[in-house]
Amino acid sequence: MAEHPELLPYGIIREDLFRPLSRAGRKWWFTVAVCFLLVLAGLAAWGVQLRDGLGVTGLNRPVFWGLYIVDFVFWIGISHAGTLISAILRLTDAAWRKPVTRAAEAITLFALMIGGLFPIIHLGRAWFFYWLIPYPNARLMWPNFRSPLVWDLTAIVTYVTGSAIYLYLPLIPDMAQLGAHNKPWRRKLYRALSLGWTGSDREWHALEMAMKLNAVIILAVAISVHTVVAWDFSMSIAPTWHSSIFGPYFVVGAIFSGIGALIIVMATLRHTLHLENYLIKRHFDNMSKLMLTMSLLWFYFTMSEHITIWYGNEPKEMAVFGQRTRGDYAFWFWTMVVVNFVIPVILLGIKKLRSIKTAVIASVGVLIGMWLERYLIVIPTLVTPRLASATSFYSPSWVELMITVATFAAMIMLYLLFARLFPIIAVWEYKPHSPEEED
Amino acid sequence: MATGNPVKPHRWGMVIDLDRCTGCEACVVACHAENNIGMSDPEEAARGRVNHWIRVDRYYEGEFPDVKVKYQPVLCQHCDEAPCEPVCPVNATYHNPEGLNVQVYNRCVGTFYCANNCPYTVRSFNWFDPKWPEPMQLQHNPDVSIRPGGVMEKCTFCIQKIKRVEEQAHAGSRPVADGEVQPACVQSCPAEAMVFGDLNDPDSKVSRFAGDGRATKLMEELGTKPKVIYLEKAR
Amino acid sequence: MFLISEFRSKDALVVALLALKKAGLTPNDLAIFSEEPIEFRKGILDRPSHMSKAAVAGAVCLGTAATSFVYYAQHNYEIVTGGMPIFSFWATGIITYEMTMLGAIFATFFWFLWESGLIRKRDPAAPVPNIGPASMSLRVRCETGRADTFVEILRAAGCIKTERVK
């Protein structure tokens, strides 16, 4: 039966998928509480930074971008899990996607909310972040639309809006079903969110149409968003940042880390919510193959990026290259290559080794590796500026580390809350069968 | 250059003769005093947080004891095609009509993008609110605003001095004489290694030096078109 | 008046729909309620959609508006650009692109709300049947005088039961 979840009776499916909403175990409360405390600690660290100034970070001249920007790129990358994967699978009409899409879309939304905070946390005067938004103001001027940071702002706003709608649309029918929930506050919430959904064919038709259109749009937006994030670097003239490959390189890296995050989330959901009948081995097998592909692609891009620098032998670029491959950052560079390429290829490429467990191990490695990749893009370039006299060093301060940890806690907390409030698998979508196949 | 710089009487530039520079750093001190630049304590300085608008880079050649040292004062190069300008989302750094690359502190939100995109690493950031050891806070220049923590700042070619001279000249209905404007670093250089003037005036000292065979610009190959001209050390 | 008729089989539903349409009812008089989407072949119960046109229109509108705004803003506060053009499609193309996409997203969403009838005023007299996991309910709007004919058609097609609602 576990191999053919399509044949589960609808009543049981509904029961299984709605059950997690009603009962919260002790472990759930414990994890949420710990994460909440960590988030509070992160907020306190940010408070210290706002009070004292950015001097509390490890930043200096010329390392003006540090952990915050690394985290920003990392989280925006994670956000590609969802929307992109779910949109591709939806457009290709891959039937196995059904239990995966909502879990993925939720990652996207939360990762974006977290990632979008970092450019603000990173500002020297964070309380004036809204000066980047065009509105008639006392300064009698508009933002500089040719700045990649303004492009970034528009891209992320579009992506957050699109992902929120993309997550919300298929939630509506589930909300209508949950409208009969026994707790009054939940009943109110679900009814409000269901917008008075009745289940008429007109509504279904419009919903399917809207999902199809949104999938196409969100694909285009997701690719552009990470390209624009890459352009924050490659539009500058800093050595090794000014690279035309950065757009696609970042997009591939983003999808790569996104798949890693999704596999970890799926395995956790399967284990904690007892969804063994829904997230079956086939899903992990398919995701593993996707990740293997991305690992190879990632290696290809990393190779072509570095081999051109090395062969070109331009002194300023070689200084950064040397820092990465045999200097202060060599250990991390080669760690990255191992966890991003060697381990996934061995664990997922050899059929005998491929299992849910190895997929999770590889995914954890990929997340670490992709975080390191962003670190190795941002920091070595900045510590080796064009004028050798300005050469510097960077080590993050406790404030930066605390805020970084807090964002991971925030992600877990938001996800746990989401999984208790909304069915993590789209119930109606999971079984679009005709009733005569029932029973 | 369709909408480039409108023709203005002045195009300020600086010439630094590396043959004359002794690396005494009087320019650095004078700049601090003139521009109300905050002081970093030794711990902060050790963390790479020194705040100088002009610094003196040292280049060593040869092995001890036969060492030659080249001193090179580096300040904002006031590029005509400044890489820092287009990347600022809030127009805090922009080109003023006289071709100066200026920083509007009140607009700055501190994205750091300008500093990352500056190949000369001459921009400095106020990591904290600026502070001065007693009694240095009593000698602030009233013509220069004090920058709060969280904003970027950099050499302005002592724009307050330029403005004052221009106003005086305007009041006297006369042109600004060559050498009348003297930024703090130029004024204080005991070796007279620095010259400031109008690059639009072909007879000015800077223009004549700019045509010298020793004249180079720092990282000219990047196409930033700097307005600081270095006269290379004669061998 | 309205007829609410419950079906268990999609084939029976198709027979009923075709017969009702033959008897002179339009798709506007018919509505099917179910817990999951039911797909029909073309020509059985078509719901023509203008959503893709709306998406394109929204895209063009917001994209153009954003680009014109950027053009206006750049000229309104004209900075000395040091050789760069005041306004350049290349330098602001991303903004045009993103706002075009945002326009499409908003248009799709609002068109979905409109076309699905979720934000339109509903007929308060029209009953909404309770639906279970396995059933499909067909709601027919008809004149009181012809109700008997339609009930007969529904029964012949194989419905489980039919209710009349005034």
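Tyr113(B), Asn116(B) and Trp127(B) give 19% of what chain B buries against chain A, more than any other three residues.

This is a predicted model, in which local features need pLDDT of at least 70, side-chain atom pairs count only at pLDDT 80 or more, and totals for chains, interfaces and linings use all residues. Residues are numbered from 1 along each chain as its sequence is written, chains are lettered from A in the order in which they are written, and side-chain values use heavy atoms, without hydrogens and water.

I then looked up contact (heavy atoms within 4.5 Å). Chain B puts in 46 residues and chain A 44 residues. I found 0 salt bridges between chain B and chain A; the rule asks for a side-chain nitrogen of Lys or Arg within 4 Å of a carboxyl oxygen of Asp or Glu.

Next I turned to chain A and chain C. The contact takes 53 residues from chain A and 57 residues from chain C. Together they bury about 4,800 Å², with 67% on carbon and sulfur atoms. Here I found 1 salt bridge. Asp201(A) pairs with Arg47(C), with the closest N and O atoms 2.8 Å apart. I also noted which elements of chain A each supply at least two residues to the side that touches chain C: α1 (10-22), α6 (148-168), α7 (171-178) and α9 (201-234); helices are DSSP runs (H or I, at least four residues), numbered from the N terminus. The largest share, 19 residues, comes from α9(A).

Notes. Buried area = accessible area lost by both parts, 1.4 Å probe.
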